[in-house]
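Q: Could you walk me through this structure? I have not looked at it before.

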Amino acid sequence: MSYTDLISKAAKQYLELETSQTHTRCSGCGNYGILNALMSAIALEWYAGHQVILANDVGCSGNVSDKIMINTMHGLHGRSLPLATGMHLANPHIPIFAMAGDGATMSEWVNHLIHTARNNYNITFLLNNNHNYWLTTGQASATTPKWYRMSATPGETNAHPLIPTQLVLASWGTFVARWYSGNVEQLIWLIRAGMNHTWFSFIETMQLCPTYSKATPDKRYEERVYDIGVRDDYDSTNKRQASQVVEDFDHIATGILYQNTQEKDFLSLQEHRAWISSTPVAETKSFDISWLLSGLRV
Ligand code: SF4
């Protein structure tokens, strides 16, 4: 089914997710397609805006939080995954999304990605990888390819880039997908698959940033990307094969590169919760602390 047919199927649901906020991103930015795909996926899974939550941080990826009519929380740089984890533990029945850029995720707080993956929290995480920090006008991030001249790099970048999908595979991630921002239809499908994978779902979006990311222009992707689904010899349950594929940047595979449905998620391994309560929130008690706050008034 084409993208247009898909959207017309859930047009009412989709339109209810729009806001009246002005879009301020640059022309040709891959974030437009990401927002569009996220709204389409939510609509096509028949969720209303109040039934899902998105945790954002700052930067161009965070700019989405007032452009979509769902519950959102716009937190500190690099902290969208801890926010999403808290939301999930507080109410495991609500679909939780998190979104962040490569500077926040791979450079500043890469530990959050590792621990979210290995704990297998049920979060659908979109890593918008535009290979630079736009906030500092094109500073190199940990995913910027080697030997590129960036705004705050005297000479050229001289460190090997981190490969996000490889890191998540090594951190026991159970759903590893990659996507190129020129193909919105594929991302809709991947987000929906991530929502239906009831563990941690990692989707790297190789996002175009025509303003600052000279290292990854549109042409570079157009010439190299292919859908892993066309390969008969590929088994997406084989971690070793996935590990080899994600390191090939001459032929960039997109789609679900690895999926493991045999593991358990964090909450189902917390056996002691079965006799304490059904949800973590039910274990907490409410205390009236107004007397304490009144003592702080000046
Ligand atoms: Fe998009 Fe790059 Fe412009 Fe940010 S700076 S809005 S990521 S094109």
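Predicted model: local features only at pLDDT ≥ 70, side-chain atom pairs only at ≥ 80, totals over all residues.

A: Residues are numbered from 1 along each chain as its sequence is written, and side-chain values use heavy atoms, with hydrogens and water left out.

Q: At what angle do α4 and α6 cross?
A: The axes of α4 (residues 80–90) and α6 (residues 110–119) cross at roughly 35° and come within 8 Å; axes are lines fitted to C-alpha atoms, for helices over the stretch in contact, with angles from 0 to 180 degrees between N-to-C directions. Helices are DSSP runs (H or I, at least four residues), numbered from the N terminus.

Q: And which residues meet there?
A: From α4, Leu81, Pro82 and Thr85 meet His112, Leu113 and Thr116 of α6, contact being heavy atoms within 4.5 Å. That contact has three nonpolar, three polar and no charged residues.

Q: New topic: how many cavities of 30 Å³ or more are there?
A: The structure holds two, a cavity being a set of points on a 1 Å grid over the protein atoms alone where a 1.4 Å probe fits but cannot get out, and lining residues having an atom within 4 Å of a point. The largest has about 150 Å³ of space, and of its 17 lining residues Gly59, Cys60, Gly101, Asn132 and Trp134 are the closest to its centre.

How values were computed:
Helix = DSSP H or I, 4+ residues; strand = E, 2+ residues; numbered from the N terminus. Nonpolar A, V, L, I, M, F, W, Y, C, P; charged D, E, K, R; others polar. 1 Å grid on protein atoms, 1.4 Å probe; cavity = no way out; pocket = protein on both sides within 12 Å on 5 of 7 lines; lining within 4 Å. Points joined across faces, edges and corners; volume = space filled by probe spheres on them.
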